[in-house]
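This report looks at a few aromatic side chains, a helix and a pair of strands. Please keep the sequence and the structure in view while reading.

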Amino acid sequence: MTEYKILKLQSGEEIICDVISKEHPRTFEIKAPLKVNVLPRVTKYGIEESISLQRWIHFSHENVYNIDKNKVMVITEASSGLSKFYEHCITMMAKEGDLTTREREPTDYELDEIESEEWDEDYGEPVTRTLH
């Protein structure tokens, strides 16, 4: 799997993308950036956060962009769960014929899978929840 990056921008936006070049002294060259949206949702266990990915640049047929390094506050590796979801979204968008034409929120199943993978990555086997 490719090591995708999350870029936290000065604007507060977080994007997940493939950083294809860091060679230029003032810019990163990034491919297929998607904006990460964190959405709170109420569940029977309390408030949980879910994510959605959407186009970062709307109404463009470009897939590769240069972003000013001074506008990037933090760059880090994406978790395996988020990377898997990102690949799924990119694949779905490509099937529609254009990376910029499709946007959707993840299904509950996809969110559960991502959460489970991240839990396993951080803590080992997931603990089942028991209500008393």
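Are Y4 and Y86 buried or exposed? In this model, which is predicted, both Y4 and Y86 are buried.

## Aromatic pairs

A pair of aromatic rings is described by the distance of the centres and the angle of the planes. The count of aromatic pairs here comes to two. One of them is formed by Y4 and Y86, whose rings lie 4.6 Å apart from centre to centre with 65° between their planes, an edge-to-face arrangement. This pair links distant parts of the chain, for Y4 belongs to the segment before β1 (5-9) while Y86 belongs to helix α1 (residues 80-95), and the two are 82 residues apart.

The rings of W56 and Y65 have planes at 90° and centres 6.2 Å apart, and because planes over 60 degrees apart count as edge-to-face, this pair is also described as edge-to-face. Both W56 and Y65 are buried.

## Helix α1

Helix α1 consists of 16 residues, and the distance from its first C-alpha to its last is 23 Å, which is close to the 22 Å expected at 1.5 Å a residue. Buried residues in α1 include G81, L82, S83 and F85, together with Y86, C89 and M93.

## Strands β3 and β4

Strand β3 (residues 27-43) and β4 run antiparallel and are joined by ten bridges, with V42 standing opposite I47 in β4.

In strand β4 (residues 46-55), seven of the ten residues are buried, so the strand is largely enclosed by the rest of the structure.

Terms used
Residues are numbered from 1 along each chain as its sequence is written. This is a predicted model: local features need pLDDT of at least 70, side-chain atom pairs count only at pLDDT 80 or more; totals for chains, interfaces and linings use all residues. Side-chain values use heavy atoms; hydrogens and water are left out. Rings of Phe, Tyr and Trp (its six-membered ring) pair if their centres lie within 6.5 Å; planes under 30 degrees apart count as stacked, over 60 as edge-to-face and the rest as tilted. Helices (H or I, at least four residues) and strands (E, at least two) are DSSP runs, numbered from the N terminus. Buried means under 20% relative accessible area, exposed over 50%, partly exposed in between (1.4 Å probe, protein chains only). The expected span of a helix is 1.5 Å times one less than its number of residues. Two strands pair if DSSP finds at least two bridges between them.
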